[in-house]
2 protein chains.
Amino acid sequence: MQISMKCSVAVHCLIFIHEAKGVAKVTSNLLAQSTGCNPVIIRNVISGLKKAGLVTVARGTGGAQLCADPSEITLYQIYSALEPDGLSGLIGIHACQGRKCPIAQNIGQVLQKPYQQIEDAIKQTMESITLQSMIDDFHQLVQKPE
Amino acid sequence: MQISMKCSVAVHCLIFIHEAKGVAKVTSNLLAQSTGCNPVIIRNVISGLKKAGLVTVARGTGGAQLCADPSEITLYQIYSALEPDGLSGLIGIHACQGRKCPIAQNIGQVLQKPYQQIEDAIKQTMESITLQSMIDDFHQLVQKPE
DNA sequence: TTGGATGTAACTCTTAACATTACATCAAAT
DNA sequence: ATTTGATGTAATGTTAAGAGTTACATCCAA
């Protein structure tokens, strides 16, 4: 398990949808071209975002739209929309139960606290980053290239 | 890339070495039995810890020993000893350079800041956790089972 | 010199991320 | 109503990285 590419693709899509508002109909094919991913990957990502209530998708006719204010959407919401298991499993623990060694018996418990702290730190940081802030950064980059 | 099992195995080994001090000679076979890993995995992990200056290993005769105070060894040191590339690469970014779309051209830059923040948060948390604190937790668990 | 240990290279196995194909479903436009 | 272009998703294929294993050179103390 890891923090996969899907998260980056999702941010890409959300910014794209935001920028295209009122300009173009955002289809999965269009997003596939912009991201370089397969349209099915896009549809899966968008599907997760839809279930999380971040976008609406017009079935049949096509087209995705944001259904929340970008300043209300955090990176953690985006990540959670794509990874049902959340951050647990990000850090691997070796299986060594059922052994006589007292260390083997307790290492799981010992590691739980540090790993929980790490996950909490990641979560907090992700919650502090909004889609709006990333859109702002994007606009700055576009306006003054180099 | 991920925070792999190796890190957990390394902590397991370090606690084992600490507890075995003056009691038994800690060989890779012994650690392999306790962790449930292959002896080669253990030797690779120990090799990393050795290069990082955390343990010494007696060649030929065998046996590993801590060569730093557990309160001076942080989880980040342990992790870094095993993952030469550090935390970069923990989060995947899709490749979409060389496309006309301005979002594709800038998404990498836009994502860099958030991802750097996440990595820094992980690093800080890992630096705040010492081997000593994990040894203390282990002792507490052993003394009062259940 | 023998025995048990480490240090690594090379290879295989396994799993999960990622990509692709295929097709059912849907809704607007003609 | 049929066509057209879109979404939703199952099923499968591909690939890369983690994990495991074998093999063997090297080392040191008894």
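User: What share of the contacts in chain A with a separation of 6 or more comes from residues 24 or more positions apart?

Analyst: In this predicted model, such residues account for 64% of those contacts, where contact means heavy atoms within 4.5 Å. Residues are numbered from 1 along each chain as its sequence is written, while chains are lettered from A, and ligands numbered from 1, in the order in which they are written. Local features need pLDDT of at least 70 and side-chain atom pairs count only at pLDDT 80 or more, whereas totals for chains, interfaces and linings use all residues; side-chain values use heavy atoms, with hydrogens and water left out.

User: How many helices and strands does chain A have, and what makes a stretch count as one or the other?

Analyst: Helices are DSSP runs of H or I with at least four residues, and strands are runs of E with at least two, both numbered from the N terminus. On that basis chain A has six helices and two strands, and along the sequence they follow the pattern α-α-α-β-β-α-α-α.

User: Why is chain A called more spread out than a compact globule?

Analyst: The radius of gyration is taken over C-alpha atoms, and the globule rule is 2.2 Å times the number of residues to the power 0.38. For 146 residues the rule gives 15 Å, but the radius of gyration of chain A is 19 Å, well over that value, so chain A is more spread out than a compact globule. Its C-alpha trace spans about 65 × 35 × 30 Å along the principal axes.

User: Why is Leu49(A) called buried?

Analyst: A residue is buried under 20% relative accessible area, exposed over 50%, and partly exposed in between, with a 1.4 Å probe and protein chains only. Leu49(A) has 0% relative accessibility, so it counts as buried. Leu49(A) lies in helix α3 (residues 39-51) of chain A, and, leaving aside neighbours within four places in sequence, its contacts are Ala10(A), Leu14(A), Leu54(A), Val55(A), Ile78(A) and Ala81(A). In chain A as a whole, buried residues make up 47% of the 146 residues.

User: Is Val57(B) buried, exposed or partly exposed, and how do you know that?

Analyst: The relative accessible area of Val57(B) is 37%, and therefore Val57(B) is partly exposed. Val57(B) belongs to strand β1 (residues 55-57) of chain B, and it touches Ile46(B), Lys50(B), Gly63(B) and Ala64(B), if residues up to four places away in sequence are not counted.

User: What makes Ile17(B) a buried residue, and which residues does it touch?

Analyst: With a relative accessible area of 4%, Ile17(B) is buried. Ile17(B) is part of helix α1 (residues 5-19) of chain B, and beyond residues up to four places away in sequence it touches Val26(B), Ile46(B), Val55(B), Ala64(B), Gln65(B) and Leu66(B). The C-alpha atoms of Ile17(B) and Gly63(B) are separated by 9.1 Å, although the two are 46 residues apart along the chain.

User: Why is Thr125(B) called buried, and which residues is it in contact with?

Analyst: The relative accessible area of Thr125(B) is 12%, so the residue is buried. Thr125(B) sits in helix α5 (residues 102-127) of chain B, and, apart from neighbours within four places in sequence, it is in contact with Gln117(A), Ile118(A) and Ala121(A).

User: How many residues does each chain bring to the contact, and what is the area buried between them?

Analyst: Chain A brings 51 residues and chain B brings 51 residues. Buried area is the accessible area (1.4 Å probe) that two parts lose on being put together, summed over both; between chain B and chain A it is about 4100 Å², with 70% given by carbon and sulfur atoms. Of the area that chain B buries against chain A, His94(B), Ile103(B) and Val110(B) supply 15%, more than any other three residues.
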